[in-house]
Amino acid sequence: MALAELLEGRGRVDEAIETVRARTALGHPNALEYYARLLARHGRAAEAFDLLLPHVRKSSIADALVDVAHRDEEAAELLTARVDAHRCSDFPWCCNGFDTDTALGLLATIRERQGRVDEAIVLLAPRRFASSNGHDQSAELLARHERIDELRTYAAGDGRDAAAERLVQLLEERGDVHGAIAVYRQNSGRAHSAFGLARLLDRHGRGAEAVDTLRARADAHPGDDWILHILADQYLARGRPADGLAHLDALATLRNGEEAWDLYRLRLPLLAAHLGVDAAIAQARSHPEGATSYAASDLAQLLATAGRTEEAVAALRVHEGENLDTLAEQLVVLGRVEEALALHRHTEPPPPLVPTIRLWADEPPR
């Protein structure tokens, strides 16, 4: 859907809608809900609601239905019926992920939108857990309504990392930076705390402490490569690319000189800042994985960031099939929108003459 987003962002809404409509007709995953949200964003919420209604037994469709709803009570009745009648025997296969907890969460969203906050809190109480995207709906609800004491109790008890993170955010918004730091310190053994604390310190002019916090975490847990992504960004932001490269060099030495591309790619912005873009690209291409399609994507990003978009397009062309959306995006940046559209038209498969699968199945494949 990247092309549709670009078209919408440039005001070419009708073309964006038609692009997604075509994918919806072909049964592309997630196309229906994306199409409905797109319609709703452009004044066609009633059409979007009616479009989704027949498929509401699927979790992602129900989620989109609530988001676009202009008939809240009708949506609430559907969700209440789901809670009352649903008996899940083999989650998520038995119900397309649309279990009772999901229905309660969506119903709470509607009740909050209607101003019935206490009712929403009660609805969420039996299902307090962090969702797959790391957000905790109970914590978000409590924070939005500044129920600080309840949020603090929840974060210290049943709440997970997401609840503590939301508490930190709320305290910072209220000017209590010391209180926010204290929350992170209380959870210092958790990986998210080092990351969150570093960001908090950096936002308040304590960048050196932020780097030290991340480096301590990286040194104590050398197998957690995810922290290196954040650490490299911090070194770059602080104007210390040589220090960032030295840290990666030391880590590579510990690993007998082996550095897979996923880790090596962290060097690219640091090398560019330290030695220049051309030197960074030359070194990257000497890596054993430097000629792969995923390396081409990273090199193109480096070139595009440096304002060398034509060269970014050329790098992507070598692996066009694997980098179609990224290539289209760069072509749009250059103003070559029709060329970007042609890429997708060329690769879009024709619709089948006879449907071979149920596009909106309520049961898993057997």
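I took a salt bridge to be a side-chain nitrogen of Lys or Arg within 4 Å of a carboxyl oxygen of Asp or Glu. The model is predicted, so I kept its limits in mind: local features need pLDDT of at least 70, side-chain atom pairs count only at pLDDT 80 or more, and totals for chains, interfaces and linings use all residues. Residues are numbered from 1 along each chain as its sequence is written, and side-chain values use heavy atoms, with hydrogens and water left out.

**Salt bridges**

I counted 35 salt bridges by this rule. I looked up Asp 50 first. Its side chain meets that of Arg 71 in a salt bridge, at 3.0 Å from N to O. The pair links distant parts of the chain, 21 residues apart: Asp 50 is in helix 4 (residues 45-52), and Arg 71 is in the loop between helix 5 and helix 6 (72-85). Helices here are DSSP runs (H or I, at least four residues), numbered from the N terminus.

I then checked exposure (buried is under 20% relative accessible area, exposed over 50%, partly exposed in between, with a 1.4 Å probe and protein chains only). Asp 50 is partly exposed at 43%. Arg 71 is partly exposed at 25%.

Next I took Glu 172 and Arg 203, whose side chains form a salt bridge at 2.7 Å, N to O. This pair also links distant parts of the chain: Glu 172 sits in helix 11 (residues 161-173), Arg 203 in helix 13 (residues 191-203), 31 residues apart. Glu 172 is buried at 19%, and Arg 203 is partly exposed at 47%.

I also noted a network of salt bridges that links Glu 310, Arg 317, Glu 320, Arg 336 and Glu 339.

**Helix 3 and helix 5**

I asked at what angle helix 3 (residues 31-41) and helix 5 (residues 59-68) pack. The angle is about 5 degrees, with the axes 9 Å apart. Axes are lines fitted to C-alpha atoms over the stretch in contact, and angles run from 0 to 180 degrees between N-to-C directions. The two helices are therefore roughly parallel (angles under 35 degrees).

**Core**

The largest nonpolar core has 106 residues. Such a core is a set of buried Ala, Val, Leu, Ile, Met, Phe, Trp, Tyr and Cys residues joined through side-chain atoms within 4.5 Å. Leu 79 is among the residues with the most contacts inside it. Leaving aside neighbours within four places in sequence, I found Leu 79 in contact (heavy atoms within 4.5 Å) with residues including Val 66, Phe 98 and Ile 110.

Definitions and conventions: Parallel < 35°, antiparallel > 145°, perpendicular 65-115°, else oblique.
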